[in-house]
Amino acid sequence: MRRPLRPPEFRSWSMSDGYVLRGRWWPATTPAPGVGILYLHGIQSHGGWFEGSAGRLAATCPVLLPDRRGSGLSSSARGDTPSAGRWLADLDELAEWMEHEHAIHRLGVVGVSWGGKLATLWAARKPRRVTHLLLIAPGLFPRVDIGWWARLRVAWSLFVQPTRPFPIPLNDPALFTDNPAGRQFIADDALKLTHATARFLWASSRLDWWLRRLPPGGLAAETTLLLAEHDRIIRNAPTAAGLAARSVRQTTVITLPAAAHTLEFEADPAAYDRLLDGWARRLTTHDARAGATNGGGMTRPTNGG
């Protein structure tokens, strides 16, 4: 909905299983050697929702905003995934592309809504690669779910028809934003994901299972959590508590007053943009400090929002 400061390059990547992912890439405009950002969208959204914030972050370092397989521009096998592990493998391969093609070996990861689940788990599994994690209203503890009857139908479909589609219970644009322009954008968006397959929903529940089993200290990245005061999709208090219990460092929690779930669509995004700018500066400052102190090795990041 928001125009980026500069347009992205549209790219395609062939995954090891033959699937072709598509997405948006912003090359570097300022020197930030070895550091980049991987930006993960939510369950119903796609990269087109977040071009504004991704383009803003790209003023500091390169940004990769892929459309998850089966979403947005990655239109093949819509709303489906072979497994939860395949999502993680996709991120592994995208990170390898960033390293091999652009010499990016340290990442800040942004996870929005459902994408926050995937971002948190992948960051926990890649502590040497992911130094900073920015979670924006992450879907770790949702208010909205498919319900127990639908869960039973999903479980049955896993055995008889794993690609059977089920409605995603987020089809009311008012859940995402109070901004009329944002609601209209969502309502008109032909690429938004309205249904997901049984095995997609099962894979999503596997992410939840793995996240619940992250031990204290299992998340090493410096973590910043941005919450919306009037969020109708996630539960803020358990989200903050759950991350604090699993983070090595103190999680910085910032709640934007009077905001709704999708901060990207706020009528006045000035406060949100300032937070994005500050996070990107800390990411690149950390990288420069690490390279100066030990030739590119790891150093302990400072706390901060």
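Trainee: How much space lies in the second largest cavity?
Mentor: About 80 Å³. Keep in mind that this is a predicted model.

Trainee: Okay, and which residues lie nearest its centre?
Mentor: For the second largest cavity, those are G42, S45, W49, S113 and F176. They belong to a lining of 13 residues.

Trainee: How does that lining divide into nonpolar, polar and charged?
Mentor: Seven residues lining the second largest cavity are nonpolar and six are polar, with no charged ones.

Trainee: How many cavities of 30 Å³ or more does the count come to?
Mentor: Three. The largest cavity holds about 130 Å³ of space. It has 14 lining residues, and L40, P66, R68, L91 and L118 are the closest to its centre.

Trainee: Which elements give two or more residues to that lining?
Mentor: For the largest cavity, they are β4 (63-67), α2 (84-102) and α3 (114-125). The top contributor is α2, which gives four residues.

Trainee: And how do the residues of that lining divide by class?
Mentor: In the largest cavity you get eight nonpolar, two polar and four charged residues.

Trainee: Switching to pockets. How much space lies in the largest pocket?
Mentor: About 810 Å³. Its lining takes in 34 residues, and nearest the centre you'll find K117, P142, D145, S204 and D208.

Trainee: Which element gives the most to the lining there?
Mentor: That's α6, with seven residues lining the largest pocket. Helices α3, α4 (148-160), α6 (198-212) and α7 each put in at least two.

Trainee: What does the lining of the largest pocket have by class?
Mentor: There are 22 nonpolar residues, plus six polar and six charged.

Trainee: New topic, T251. Where does it lie?
Mentor: T251 is in the loop between α7 (236-246) and β10 (252-256).

Trainee: Does T251 count as buried or exposed, and why?
Mentor: T251 counts as buried because its relative accessibility is 11%, and the cut-off for buried is under 20%.

Trainee: What does the side chain of T251 join up with in a polar contact?
Mentor: The side chain of S247, at 3.1 Å. If you leave out neighbours within four places in sequence, T251 is also in contact with T223, L225, L243 and A244.

Trainee: What about L191, where is its place?
Mentor: L191 sits in the loop between α5 (180-188) and β8 (195-197). Its relative accessibility is 33%, so L191 counts as partly exposed.

Trainee: Which residues is L191 in contact with, leaving aside neighbours within four places in sequence?
Mentor: H46, G72, L73 and R78. Another pairing to look at is L191 with G48: they are 143 residues apart in sequence, yet their C-alpha atoms are 8.9 Å apart in space.

Trainee: How about contacts across the chain, what share join residues at least 24 apart?
Mentor: It's 77%, counting contacts between residues at least 6 apart in sequence.

Trainee: How many helices and strands are in the chain?
Mentor: Eight helices and ten strands. As for burial, 55% of the 305 residues count as buried.

Trainee: Last one, backbone angles. What is phi of A77 near?
Mentor: Near 50°, which is a positive value in a residue other than glycine. A77 lies in the loop between β4 and α2. With 42% relative accessibility, A77 counts as partly exposed.

Trainee: And phi of A103, what is that near?
Mentor: Near 55°, again a positive value in a residue other than glycine. You'll find A103 in the loop between α2 and β5 (106-112).

How values were computed:
Residues are numbered from 1 along each chain as its sequence is written. This is a predicted model: local features need pLDDT of at least 70, side-chain atom pairs count only at pLDDT 80 or more; totals for chains, interfaces and linings use all residues. Side-chain values use heavy atoms; hydrogens and water are left out. On a 1 Å grid over the protein atoms alone, a cavity is a set of points where a 1.4 Å probe fits but cannot get out, and a pocket is an open set with protein on both sides within 12 Å along at least five of seven lines; lining residues have an atom within 4 Å of a point. Grid points are joined across faces, edges and corners, and a volume is the space filled by probe spheres set on the points. Ala, Val, Leu, Ile, Met, Phe, Trp, Tyr, Cys and Pro count as nonpolar, Asp, Glu, Lys and Arg as charged, and the others, Gly among them, as polar. Buried means under 20% relative accessible area, exposed over 50%, partly exposed in between (1.4 Å probe, protein chains only). A polar contact is a pair of N or O atoms within 3.5 Å; within protein, one must be able to donate a hydrogen and the other to accept it, and residues adjacent in sequence count only if both atoms are side-chain atoms. Contact means heavy atoms within 4.5 Å.
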